[in-house]
Amino acid sequence: MNIGIEAINAYGGQTSLDIRTLFKARGLDLERFANLLMEKKAVGLPCEDPVTNAVNAAKPLIDQLSETDKNSIEVLITATESGLDFGKSLSTYVHDYLGLSRQCRLIEVKQACYAGTAALQLAAGFVASHPFPNTKALVIATDTARGAAKQTYAEPSQGTGAVAMLISRQPDILALDFGANGLYSYEVMDTCRPRADIETGDLDLSLLSYLDCLEGAFQAYTARVDGADFQSTFDYLAFHTPFAGMVKGAHRKMMRANGKRLPPNEIEADFQHRMGPSLTHCVQVGNVYSATVYLALCGLIDQAIIEQPRRVGLFSYGSGCSSEFYSGIVTAASKAKLSQMKIGQKLANRHELSMAEYDPILDLNMEWLFGVQDKVMDVEPYAAIYEKQLQGQGLLVLKAIEHFHRVYEWS
Amino acid sequence: MTQAEVFEVVKKNIRDVLFNLEGQEIPLAASLKELGANSIDRADIAVQCVEDLQLKIPMIEFAGVQNIEGLVALLTRKVNA
């Protein structure tokens, strides 16, 4: 069955921060910085939230659709761990500002960084079982780390942004290998968001759990797919990438599994060739939680040489935890289609923050957390950045909160 | 396998991952953090020890380990289980 991602776009914010600058300013240890493979992270402005990021990621996809195709979107799923209400899902706002049909299901899924994949797979199943072949689903993974505590080792990796994907029977971007899914889930308290203002947990436990899940999910994949082999079945790999150094360790472990002892230089060459392209955008944005593995997929398609159909192995992990290893096919047409979104160019056009700009923005962001009842946006404290990056760009921004109702406008 | 033998395996892998420890003592009581290991390094060291000792155990069992002594004790217990 030919089902998968028809169109995809990523949004990585309007401002970024250089990670080395952050390490220095926070007095974090730079001695072994290199193997973390971090470059920049996306930073949200107070007038940006998971709704604006979602809409700003999805709008270029929706704008390309005919009215008929737009009206064939019968389900909109937001995937997030940065929800803004216990009851009302982000998808309701997103649906409104994208101007989608009222004949549409609006829902939200949550399972930490796995949620984007959960939504994608649910959407694929929905499309596959639908009697009308033209039916589409819109999946938007959107997350933000605005409540991030300063001065922690997690701060450098926490980003913000969204990835929007149109799922249909016309998989121009990624055709899913139908039924080729390896699942691995169990309860663990590695990282979590137990309150609106904190993200907490045990980074070491999370890293180790990620490794267990990769191994377990891949084993489950091989049980379904005869002859599947980590080293030879996949032309490229795209994993959930909280920071690039983490996937490098995971790749190394998989390359050495089952007693295979490849020399380190061969493992490094394989990493650069098969995984390197997937890091292209991730190292510019940081961890976007539920959206990260799809940011990795965008980077891969944008950066890799794809002249013939290529099989991609994807791994998604969400703390708590649930995980999945699956695969799909990308083609030269995927690359041509994605290039229209100009993701790399847009990331390069972000405003690079100084620490003197970054810290006050973080403090302002803390005023806009979950639960705010009434508040009017004032862009004055970052007026120069707003003017340079947002003014007249036609992007969605938060204008006010009126009795818990979020009001947005186009910049 | 004795604890001393497992400690040798652990030391070899610490030196392998933290390649800047040449000539430096690795005391049993030290923590990997004190030796300069970041979270990636710590996971790498645990993974390599498990591979060298040919263990099949969930990696999350290493999460509570506080220092090298704890790492050696856990690995010794698993090797001899």
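**Exercise 1. With which side chain does the side chain of Gln121(A) make a polar contact?**

Before we start: this is a predicted model, where local features need pLDDT of at least 70, side-chain atom pairs count only at pLDDT 80 or more, and totals for chains, interfaces and linings use all residues. Residues are numbered from 1 along each chain as its sequence is written, chains are lettered from A and ligands numbered from 1 in the order in which they are written, and side-chain values use heavy atoms, with hydrogens and water left out.

Step 1: find the residue. Gln121(A) sits in helix α5 (residues 115-129) of chain A; helices (H or I, at least four residues) and strands (E, at least two) are DSSP runs, numbered from the N terminus.

Step 2: list its neighbours. Leaving out residues up to four places away in sequence, Gln121(A) touches Leu176(A), Asn181(A), Glu324(A) and Tyr326(A), where contact means heavy atoms within 4.5 Å.

Step 3: pick the partner. The side chain of Glu324(A) is in polar contact with that of Gln121(A), at 3.1 Å. A polar contact is a pair of N or O atoms within 3.5 Å; within protein, one must be able to donate a hydrogen and the other to accept it, and residues adjacent in sequence count only if both atoms are side-chain atoms.

**Exercise 2. Describe the contact of chain A and chain B.**

Step 1: count residues and area. Chain A gives 22 residues and chain B gives 21 residues. Between them the chains bury about 1900 Å², 52% of it on carbon and sulfur atoms; buried area is the accessible area (1.4 Å probe) that two parts lose on being put together, summed over both.

Step 2: α6(A) supplies the largest share, eight residues. By type, that side of chain A divides into nine nonpolar, four polar and nine charged residues; Ala, Val, Leu, Ile, Met, Phe, Trp, Tyr, Cys and Pro count as nonpolar, Asp, Glu, Lys and Arg as charged, and the others, Gly among them, as polar.

**Exercise 3. Work out the sheet that holds β16(A), and what packs on it.**

Step 1: get the order. Three strands make an open sheet, β15-β16-β17 (chain A), with antiparallel pairing; two strands pair if DSSP finds at least two bridges between them. The edges are β15 (375-376) and β17 (405-410) of chain A, each pairing on one side only.

Step 2: Two bridges join β15(A) to β16(A) (residues 396-402), and Val376(A) stands opposite Ala400(A) in β16(A).

Step 3: α2(A) (residues 50-63) lies across β16 and β17 of chain A, at about 150° to β16(A). α4(A) (residues 90-98) touches β16 and β17 of chain A too, and its direction makes about 30° with that of β17(A). Axes here are lines fitted to C-alpha atoms, for helices over the stretch in contact, and angles run from 0 to 180 degrees between N-to-C directions.

**Exercise 4. Which peptide bond joining Gly320(A) to its partner is cis?**

Step 1: find the bond. Gly320(A) and Cys321(A) are joined by the cis peptide bond, with omega about -5°.

Step 2: Cys321(A) is in the loop between β12 (310-318) and β13 (322-330) of chain A.
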